Amino acid sequence: MVEEGQNVDLEAAIDQLLNVEKQMRLAGDVAATRKAVTEILQLCFEAKDWKSLNEQIVNLSKKRGQLKQAVTAMVRQAMQYIDQTPDIETRVELIKTLNSVSAGKIFVEIERARLIRRLAKIKEEQGLIAEAADLMQEVAVETFGAMAKTEKIAFILEQVRLCLDRQDYVRAQILSRKISPRVFDVDTSKEKKKPKEGDNVVEEPPAGIPSLLELKRIYYELMIRYYFHNNDYLEICRCYKAIYEIPSIREDPSQWIPVLRKICWYLILAPHDPMQSSLLNSTLEDKHLSEIPKFKFLLKQLVTMEVIQWTSLWNLYKDEFENEKNMLGGSLGDKAAEDLRMRIIEHNILVVSKYYSRITLKRLAELLCLTVQEAEKHLSEMVVSKALVAKIDRPMGIVCFQYEHNDIHELQVVAVL
């Protein structure tokens with residue numbers, strides 16, 4: 001009986017406020033209309049009548065000539081109630097109601113984006129990754145003029161993360177391109193300019209949105225995940241290099257040492273090309289590298305024109321290689337050990353090509369610690385990838401290295417027949 005009485009009182013109070021809301025709305029009184037609609041929602045909330053709350057939000061938003069300011073006030077007010085819902089079903093219902101009310105309305109586009117992000121988080125917690133990813137992709141925050149830059153970036157990074165979680169790498173790449181890496185290099189120490197009259201006023205990001213430098217780290221960590229799926233070692237290295245440049249990481253040895261280790265490993269794993277060579281030399285000049293002498297020695301071996309013995313190198317660095325799984329960023333991948341051996345073989349072939357114009361396949365195999373068949377296979381692959389120019393005379397078992405540039409006379413040329 002008490003509950004019935006409460007319901008009657010609630011309905012009566014709502015009806016009274018609805019009459020006030022109608023009069024004020026038709027009179028075009030913004031402040032009074034806003035006050036009336038928010039009081040109606042507050043009554044439903046205090047009575048814990050969630051069904052009535054949802055109904056009133058929908059009904060009020062559909063009123064003829066409803067004022068934009070009233071709808072905005074309603075959506076913002078009801079968003080404060082989300083965390084106070086008694087169970088997950090009620091929470092989802094309220095978010096969906098607010099989402100449907102704000103759909104297609106530019107003046108509440110930021111609120112809608114925040115609602116969808118909350119709903120996606122709930123779906124993700126329920127294990128529905130695909131649904132969460134689809135929900136997030138409904139919103140194109142890059143077009144929102146009033147949304148803070150950090151909030152936009154954080155939203156797009158969530159879209160990218162969910163796509164990576166569902167292994168949708170194509171869409172993850174498309175979404176990641178909405179963020180230019182240059183955006184993270186803006187000088188945040190400069191004072192914000194006061195908006196001029198007529199400019200869009202940019203809203204402050206809500207609490208919990210990371211700073212620009214934190215977002216930079218998140219962005220590059222997600223890009224590492226993206227490049228990792230197809231073992232693009234050079235791009236992974238460049239991502240770690242960008243993380244390494246963040247001031248908070250450069251100042252803390254416990255953070256920069258694992259990152260610098262990863263930079264070294266992925267530099268070695270990356271196929272030889274001008275970009276890899278440039279990064280290799282710039283990393284060798286880093287003063288911090290002297291803190292991890294084993295890795296400095298490893299990089300120096302790669303820039304020195306000498307044959308590297310794979311077995312002795314692997315014995316020396318196997319423990320360090322295995323230890324990466326306990327470091328930041330995790331293990332180097334299943335193929336990494338095999339690819340590392342491949343890079344050493346390629347390095348050795350390049351070294352041999354610098355010192356020999358002609359060499360027997362048998363002697364080449366001995367220098368590379370491979371069988372003749374393996375040596376021929378690796379050499380052929382390098383010729384196909386245009387890493388070097390060579391011809392193999394199979395009947396004679398001789399390899400001829402050729403040079404397209406004019407500095408051939410500067411090289412030490414030795415023929416072994």
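Guide: Start with Cys-369. This residue sits in the loop between α18 (361-368) and α19 (372-384). Keep in mind that the model is predicted.

Visitor: Why is Cys-369 called partly exposed?

Guide: Its relative accessible area is 47%. Buried means under 20%, and exposed means over 50%. Cys-369 falls in between, so the label is partly exposed.

Visitor: What makes the phi of Cys-369 worth a remark?

Guide: Phi of Cys-369 is near 60 degrees. That is a positive value in a residue other than glycine. Asn-231 is another case: it has a positive phi of about 50 degrees and is not a glycine.

Visitor: Where is Asn-231 found, and what accessibility class does it get?

Guide: Asn-231 is in the loop between α10 (212-228) and α11 (233-244). Its relative accessibility is 26%. That lies between the 20% and 50% cut-offs, so Asn-231 counts as partly exposed.

Visitor: How do you know whether Leu-388 is buried or exposed?

Guide: Its relative accessibility is 10%. The limit for buried is under 20%, so Leu-388 counts as buried. Leu-388 has its place in the loop between α19 and β2 (389-393).

Visitor: What does Leu-388 touch, leaving out residues up to four places away in sequence?

Guide: Leu-388 touches Ile-349, Leu-350, Ser-353, Leu-379, Met-382, Val-383 and Phe-401. Take Ile-349: it is 39 residues from Leu-388 in sequence, and the C-alpha atoms are 9.1 Å apart.

Visitor: Now Ile-156. What is the accessibility class, and on what value?

Guide: Ile-156 lies in helix α8. Its relative accessibility is 4%. Not counting residues up to four places away in sequence, Ile-156 touches Val-141, Glu-142, Leu-175, Lys-178 and Ile-179. Lys-178 is 22 residues away along the chain, with its C-alpha atom 7.8 Å from that of Ile-156.

Visitor: How do you know where the buried residues of α7 lie around the helix axis?

Guide: In α7 (residues 129-136), the buried residues are Ala-132, Ala-133, Leu-135 and Met-136. They cover an arc of only 160 degrees around the axis, which puts them on the same side of α7. The general rule is that an α-helix has 3.6 residues a turn, so residues three or four places apart point the same way. The buried residues of α7 pack against α6 and α8.

Visitor: What makes up the lining of the second largest pocket?

Guide: The pocket has a volume of about 540 Å³. It is lined by 23 residues, and the closest to its centre are Arg-114, Arg-117, Arg-118, Lys-121 and Ala-207. The elements giving two or more residues to the lining are α5 (88-102), α6 (109-125) and α8 (149-165). The largest share, eight residues, comes from α6. By class, the lining has 11 nonpolar, one polar and 11 charged residues.

Visitor: How does the radius of gyration of the chain compare with that of a compact globule?

Guide: A compact globule of 417 residues would have a value near 22 Å. The chain has 32 Å. Its C-alpha atoms fill a box of roughly 105 × 50 × 40 Å along the principal axes. The chain holds 19 helices and four strands. Of its 417 residues, 44% count as buried.

Notes
Residues numbered from 1 in each chain as written. Predicted model: local features only at pLDDT ≥ 70, side-chain atom pairs only at ≥ 80, totals over all residues. Heavy atoms only, no water. 1 Å grid on protein atoms, 1.4 Å probe; cavity = no way out; pocket = protein on both sides within 12 Å on 5 of 7 lines; lining within 4 Å. Points joined across faces, edges and corners; volume = space filled by probe spheres on them. Nonpolar A, V, L, I, M, F, W, Y, C, P; charged D, E, K, R; others polar. Buried < 20%, exposed > 50% of the residue type's maximum accessible area, 1.4 Å probe, protein only. Arc of directions from axis to C-beta. Contact = heavy atoms within 4.5 Å. Rg over C-alpha atoms; globule rule 2.2 N^0.38 Å.
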